[in-house]
Amino acid sequence: MNSHEGLDCASAMARLWDYLDGELTPEKVAAVREHLAECADCLPHARFAERFLGELGRCKECQPPMPGTLRDKVMSTLRSEGLMS
Amino acid sequence: METVPRSGTFTRGDFDKEVLARMDDVYRFAMSLTRDTSQAEDLVQETYLRAFRSWQTFQPGSDARRWLFTICRNAFLRTLERDRRNISLDDGDPDALGAVMLHGQMLQDGSADRLAKLDLAPALADAIAKLNEPFRSTVILVDVEGQAYEEASEVLGVPIGTVRSRLFRGRRQLQEMLREYARDAGFGGNASTGKPHE
Ligand SMILES: [Zn+2]
């Protein structure tokens with residue numbers, strides 16, 4: 001594990017998910033980014049994590065689709081309850 | 001009903017359009033909670049009934065999905081109470097470093113190399129289906145539906161820290177399953193392609 005001026009590897013990696021999820025403050029984002037730019041050990045982990053999240057984000061399409069009949073069922077329930085015209 | 005005006009220019013017709021357009025998203029979330037198609041359908045029905053009954057509580061301009069997910073989650077909890085079924089809500093410790101450590105092992109045993117060449121989508125779809133609650137609904141909300149931690153914490157009714165720890169542990173479990181997938185895909189191989197890392 002390397003230690004650079006800003007974050008060490010462990011602290012950078014402990015923030016990796018928050019970093020990729022956009023949940024860090026701008027200062028912390030800068031610190032993680034800086035570490036990744038300089039650290040050949042951490043970069044592959046970050047790249048993999050990024051690909052992993054990217055693929056997960058595309059998983060809407062790979063989830064089982066809503067049954068075609070459900071929309072009609074919901075609409076007719078709403079109508080029978082007088083909640084929709 | 002189309003033209004009942006509400007605050008400003010937001011009409012009942014706008015409401016109908018906005019929430020009905022989200023039914024696929026609500027169904028996915030309902031599936032993540034129930035893992036059963038017929039229960040998920042019931043839950044979507046219940047969600048929409050409640051949504052339409054309390055449509056006045058929807059704030060125009062706010063995120064309709066988050067509102068619907070919250071209703072869906074509450075309706076689901078109601079059914080759980082009704083069924084007296086028990087789902088463990090034990091969260092354990094947050095494990096942000098777990099994923100990195102796992103990837104380190106994957107680099108060493110060669111599964112990282114194999115994964116790099118594989119299409120992850122089918123494996124991930126499978127892996128999500130195998131995730132247990134409360135990890136599955138959290139991963140679906142944040143990673144698939146793109147909700148922020150804070151939004152997910154509102155929907156699930158738990159603190160942000162709990163969302164994070166569930167999310168990180170869920171992701172870690174998914175990556176464990178990807179590792180197995182890489183091993184099975186194997187390319188007839190063993191760990192010989194793995195370069196020692198460090
Ligand atoms: Zn590092």
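Trainee: What makes the meeting of the side chains of A:D21 and B:R171 a salt bridge?

Mentor: In this predicted model, where local features need pLDDT of at least 70, side-chain atom pairs count only at pLDDT 80 or more, and totals for chains, interfaces and linings use all residues, side-chain values use heavy atoms, with hydrogens and water left out. Residues are numbered from 1 along each chain as its sequence is written, while chains are lettered from A and ligands numbered from 1 in the order in which they are written. A salt bridge requires a side-chain nitrogen of Lys or Arg within 4 Å of a carboxyl oxygen of Asp or Glu, and the side chains of A:D21 and B:R171 meet at 2.9 Å, N to O, so the pair qualifies. The count between chain A and chain B is six salt bridges.

Trainee: Which atoms coordinate the zinc ion, and why is its site called tetrahedral?

Mentor: The zinc ion is coordinated by A:C9 (SG), A:H35 (NE2), A:C39 (SG) and A:C42 (SG) at 2.1 to 2.3 Å, and donors are N, O and S atoms within 2.8 Å of the metal (3.2 Å for Na, K and Ca). Four donors count as tetrahedral if all angles lie between 85 and 135 degrees, and the angles here are 103 to 113°, so the site is tetrahedral.

Methods: Tetrahedral: all angles 85-135°; square planar, octahedral: opposite > 155°, others 65-115°.
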